[in-house]
Amino acid sequence: MRAGKFICIIIVIVILMLLPLVVRNPYYIHLLIMVGINAVLAMTFILMLRTGLISLGIAAFWGIGAYTSALLSENAGLPVWLCFPSAAIITGIVAIIVGAFLVKQGGFGFIIQTLAFGFIIVLIFGTFEVFGGHVGIVDIPRPEPILIPYVGSIEFSFISKTPYYYLMLFLVLLMTLTLTAFYTAWAGSAWRAIGLSAYLAESLGINLFRYRLLAFVIASTVAGLMGSFYAHYYVSLVPASFGPFKTIYVHVYAILGGINSPIMGPIIGSLIMTFVPEFLRVTEGVEPIFTGILIILLILFLPSGLLGLTRLWQGRGKPHEDAAQPSP
Amino acid sequence: MLEVKRLSKYFGGLAAVNELDLKVDQSEILGLIGPNGAGKTTFFNMVSGFFPPTSGQVFFKDRDISRFKAHDIAQLGIGRTFQSSTLFMKLSVLDNVLTGYHMSYRTGFLKRILHSPSARKEERRFREKALEILEFMGIGSLRNELAANLPHGYQRILGISMALATDPKLLLLDEPATGMNANETRTLISLIRQIQNRGITIILVEHDMKAVMDLSDRIVVLNFGKKIAEGLPSEIKENREVIEAYLGKEEEAPLDAA
């Protein structure tokens with residue numbers, strides 16, 4: 001079972017790596033890159049949800065990563081490859097400070113406070129001159145070319161999106177592995193316990209605040225890294241992209257895919273949510289209506305998402321394994 | 001072992017626990033009884049750190065723990081069970097107990113994240129210990145069952161097993177025999193005795209009078225948040241005030257009937 005799963009994952013990765021050879025349209029490559037970013041953001045939503053935290057500030061931390069990285073490369077002249085880890089770490093530090101105040105509240109307070117935080121961040125980006133105000137930041141440097149001996153150099157440019165695609169794949173894989181490591185280790189079982197019964201977890205000696213903060217900080221750091229990638233891929237940032245509206249979309253990706261599958265759910269969900277409206281040729285103005293209806297239908301009829309459906313179909317062989325183990 | 005001084009808890013104007021003084025000695029079983037709403041569970045919630053007391057102090061091993069958080073108190077060695085079957089319902093019996101080893105990890109953060117050999121070894125050791133507890137409690141064969149699928153009686157037993165996994169010095173049992181038939185209660189009584197024989201001090205809140213009288217070395221009776229009697233089981237049985245509290249005044253029935 002384990003070996004089979006492992007082989008499946010390897011096959012999927014190989015297919016994803018060969019995809020640019022088949023998909024010639026750069027627009028589709030662009031969509032796939034966005035799928036990767038959105039999927040990882042949705043993973044951070046599930047991570048926090050596991051501990052009972054519903055964050056409406058995911059896009060805000062994504063934005064903090066993006067703006068930090070843009071400023072570091074543009075104003076401080078830091079090489080882009082160093083901007084990625086630096087932006088992630090700075091986002092993580094912001095998350096520790098913000099989280100120390102917000103996580104303590106938990107529950108509804110946390111939802112409203114992260115919502116407020118989401119709006120405040122957009123306002124800060126849009127108001128202060130350092131962040132470029134409403135027009136945002138333009139001409140953000142692209143990653144420096146990678147020189148490979150005897151082969152040549154890999155250029156990151158507007159024309160060829162393929163190098164970005166591979167960078168995205170690498171980041172998604174890295175984040176998947178990192179999150180899986182936490183899920184399968186002691187932290188994962190503590191988070192799971194808190195999510196299932198906070199009182200009982202506390203009575204067994206699990207520090208609610210510490211583990212919620214850990215989830216919050218990891219989620220924000222991961223979002224920050226993806227933000228940094230987004231900044232150097234999109235090369236221009238506007239504040240409005242990082243508002244709570246974006247976070248709602250992130251929630252939908254996760255819920256559509258299935259919140260019981262912390263890795264595969266977000267990937268499936270964001271894949272569908274990115275490509276289906278594209279194929280239906282839904283115009284931008286109508287798209288939120290489509291999404292709104294989808295949210296309502298999902299919560300009414302498919303609360304465990306699409307992957308929950310496959311489990312229902314497989315029968316009730318070992319129900320506790322899928323509910324309990326966060327399977328990648 | 002545990003000493004409580006003038007402990008009070010007010011919910012609004014209502015005193016759930018009122019100026020309670022209480023002492024529990026090493027390795028004894030203290031029965032805590034009283035009519036519904038007498039403040040027994042509130043008392044547990046204060047000792048285990050879930051409610052901060054309005055006033056008064058809780059001393060555990062001569063240390064004032066009145067303001068400690070629940071997880072800190074668990075780490076000091078006070079375990080508890082809950083009145084309703086509070087379990088991780090979606091997890092297997094074994095995983096429920098394994099969660100109780102959460103604070104026993106000794107390997108470092110990075111080693112645990114990377115699943116290093118020493119971290120794996122530690123996990124295996126906890127697994128063995130958890131299985132030992134399940135065997136001891138007589139539910140070893142149910143280890144892979146979902147907690148939600150257990151009969152009610154076994155769920156109570158699982159709750160105690162989880163508390164035992166935290167290696168408590170003092171165990172607070174909140175109505176462990178609820179929903180058990182006579183047979184199951186008898187098993188439970190012998191289990192609680194064996195837990196006591198392992199050197200664990202126990203405070204027992206229970207409505208099943210036979211179980212309380214059988215098990216307790218001493219009994220404290222609460223009514224409206226106040227202590228109305230304290231003594232050996234045989235003394236409590238004869239205590240007028242206790243009988244009145246349970247059965248109302250001018251009632252001459254013995255307490256065993258309750």
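## Close-up views of the predicted model

View 1. Setting aside residues up to four places away in sequence, B:Ala245 is in touch with B:Pro35, B:Val221, B:Asn223 and B:Ile228. Is B:Ala245 buried or exposed? With 22 C-beta neighbours inside 10 Å, B:Ala245 counts as buried, because the threshold for that label is 20 or more.

**View 2. An open sheet of six strands in chain B.** Here you can follow the strand order S6-S7-S8-S3-S9-S10, with mixed pairing. Strand S6 (78-80) and strand S10 (226-231) stand at the edges; each has a single partner strand, so one side of each lacks a neighbour in the sheet. From one strand to the next, the twist averages 20°.

**View 3. Strands S3 and S8 of chain B, with a helix lying across the sheet strands.** Strand S3 (residues 29-33) pairs with strand S8 (residues 201-205) in the parallel sense, over four bridges. Look for B:Gly31, whose bridge partner in S8(B) is B:Leu204. Helix H1 (residues 40-47) of chain B lies across S3, S6, S7, S8 and S9, and runs at about 150° to S7(B).

**View 4. The largest nonpolar core.** This core has 169 residues, and those with the most contacts inside it are A:Leu41, A:Ala215, A:Met226 and B:Leu204. Helix H9 (residues 208-234) of chain A gives the most to the core, with 17 residues. Leaving out residues up to four places away in sequence, A:Met226 touches A:Ile37, A:Val40, A:Leu41, A:Trp62, A:Gly65 and A:Leu171.

Notes: Residues numbered from 1 in each chain as written. Chains lettered and ligands numbered in written order. Predicted model: local features only at pLDDT ≥ 70, side-chain atom pairs only at ≥ 80, totals over all residues. Core = buried A, V, L, I, M, F, W, Y, C linked by C-beta atoms within 7 Å. Buried ≥ 20, exposed ≤ 12 C-beta atoms within 10 Å, placed from the backbone. Helix = DSSP H or I, 4+ residues; strand = E, 2+ residues; numbered from the N terminus. Contact = placed C-beta atoms within 7 Å. Pairing = 2+ DSSP bridges. Axes fitted to C-alpha atoms, helices over the stretch in contact; angles between N-to-C directions.
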